Amino acid sequence: MQIYNLLFERFGKRYWWPAETPFEVVVGAILTQQTTWTNVEKAIRNLKEKGFLELELLSNANENEIYELVRPAGYYRQKTKRLLGVARYIYTNYGSIEHMLNQPTDKVRNELLSLNGIGPETADSILCYAGNHLKFVVDAYTYRLCNRIPLLQIGDGKEHAWDRYHKVQRYFEENMPKELEIYREYHALIVECGKRFCKTKPKCLSENNSEIERCPISEICRYYDIFVHER
DNA sequence: ACCCAGGTGGCCC
DNA sequence: GGGCCACATGGG
């Protein structure tokens with residue numbers, strides 16, 4: 001939790017997830033896969049203008065009328081299909097995302113995971129930010145943080161991706177308060193820190209010294225008396 | 001002209 | 001059950 005505090009002091013409250021409704025979280029979670037949020041915002045804006053952030057309308061939509069709206073978010077054909085598939089599932093089985101989320105965590109999670117286009121990170125994002133479920137979201141930045149501190153050496157490879165995901169998730173969940181606000185802010189703080197300092201080339205651990213001084217990961221390492229060297 | 005982004009699923013051996 | 005690869009746009 002010292003890590004959380006250090007990140008919080010540095011970046012402050014993030015107010016995640018940036019969305020007006022739970023269903024918008026679902027849409028955003030799918031669109032943001034392997035894509036920058038600024039591109040996702042454009043697609044969300046397009047969908048919102050046409051009213052497609054409303055479940056019934058989206059689930060009755062045709063792929064061809066969605067393609068162009070989703071295009072700025074990249075992978076637009078694939079994401080359109082996934083969006084429609086998920087919307088149709090929720091609409092026909094529950095009528096609303098809130099109704100679907102109003103069930104035990106594990107049941108919703110397994111159901112989400114069975115849908116095409118929803119893997120562990122997307123499922124947990126929906127549970128944590130659209131619902132009120134205590135599920136910590138793990139992403140690429142979380143792995144990098146674990147590796148670089150080093151907190152939980154986990155590697156960067158794609159092998160055993162699911163095992164690795166749940167290993168990291170369990171580690172965080174076992175070591176943090178069971179509070180929704182902390183779950184939400186912590187992941188958001190890791191993303192913010194990652195966007196600035198944890199690119200694939202570890203800027204914070206190399207190049208100029210002023211960046212090293214300003215990098216919270218360096219502070220964290222200093223706090224834990226871990227010697228950080230070039231890698 | 002590269003490289004990368006808040007992943008996921010499918011196919012091949 | 002791994003190890004690759006397609007998916008695609010926009011910004012640094």
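Helices, in the sense used here, are DSSP runs of H or I with at least four residues, numbered from the N terminus, and by that numbering Tyr15 lies in the loop between H1 and H2. The model described below is predicted.

Helix H1 covers residues 2-11, and its buried residues are Ile3, Tyr4, Leu6, Leu7 and Phe11. Seen down the axis of H1, these buried residues fall within an arc of 165°, so they line one face of the helix. The cover over the buried residues of H1 includes H12 and helix H14 (216-223).

Just after H1, Gly12 takes a positive phi of about 75°. In the loop between H1 and H2, Tyr15 has a positive phi of about 55° although it is not a glycine, and with a relative accessibility of 59% Tyr15 counts as exposed, because the cut-off for that class is over 50%. The peptide bond from Trp16 to Trp17 is cis, with omega near 0°, and Trp17 is likewise found in the loop between H1 and helix H2 (22-31). Most residues other than glycine have a negative phi, and most peptide bonds are trans.

Another positive phi in a residue other than glycine, near 45°, belongs to Tyr75, whose place is in the loop between helix H5 (63-70) and H6. At 48% relative accessibility, Tyr75 counts as partly exposed.

**The nonpolar core**

The largest nonpolar core has 75 residues, and those with the most contacts inside it are Leu7, Leu31, Leu47, Ile66 and Tyr186. Helix H12 (residues 180-197) gives the largest share of this core, eight residues. Leu7 is also one of the buried residues of H1. When neighbours within four places in sequence are left aside, Ile66 is in contact with Leu47, Phe52, Leu58, Ala61, Thr80 and Leu84.

DNA strand B is surrounded by 25 residues, of which the closest are Trp17, Gly117, Thr122, Tyr141 and Arg144. By class, the residues of this surface divide into nine nonpolar, eleven polar and five charged. Among the atoms of DNA strand B within 4 Å of the protein, 66% belong to sugar or phosphate and the rest to bases.

DNA strand C is surrounded by residues that include Gln34, Asn39, Lys42, Arg71, Tyr75, Gln78 and His160. The surface near DNA strand C has three nonpolar, five polar and four charged residues. Of the atoms of DNA strand C within 4 Å of the protein, 60% belong to sugar or phosphate, and the rest belong to bases.

| Residue | Protein atom | DNA atom | Distance |
|---|---|---|---|
| Gly117 | polar backbone atom | phosphate oxygen, DNA strand B | 2.7 Å |
| Thr122 | side-chain N or O atom | phosphate oxygen, DNA strand B | 2.7 Å |
| Tyr141 | polar side-chain atom | phosphate oxygen, DNA strand B | 2.3 Å |
| Asn39 | polar side-chain atom | sugar or linking oxygen, DNA strand C | 2.9 Å |
| Gln78 | backbone N or O atom | phosphate oxygen, DNA strand C | 2.8 Å |
| His160 | side-chain N or O atom | phosphate oxygen, DNA strand C | 2.8 Å |

The elements that give two or more residues to the surface near DNA strand C are helix H3 (37-49) and helix H6 (76-93), and H6 gives the most, with three residues. For DNA strand B, the elements that give two or more residues to the surface are H6, helix H9 (120-130) and helix H10 (140-148).

Conventions:
Residues numbered from 1 in each chain as written. Chains lettered and ligands numbered in written order. Predicted model: local features only at pLDDT ≥ 70, side-chain atom pairs only at ≥ 80, totals over all residues. Heavy atoms only, no water. Near = heavy atom within 4 Å. Polar contact = N/O pair within 3.5 Å; in protein donor to acceptor, adjacent residues only side chain to side chain. Nonpolar A, V, L, I, M, F, W, Y, C, P; charged D, E, K, R; others polar. Core = buried A, V, L, I, M, F, W, Y, C linked by side-chain atoms within 4.5 Å. Buried < 20%, exposed > 50% of the residue type's maximum accessible area, 1.4 Å probe, protein only. Contact = heavy atoms within 4.5 Å. Arc of directions from axis to C-beta.
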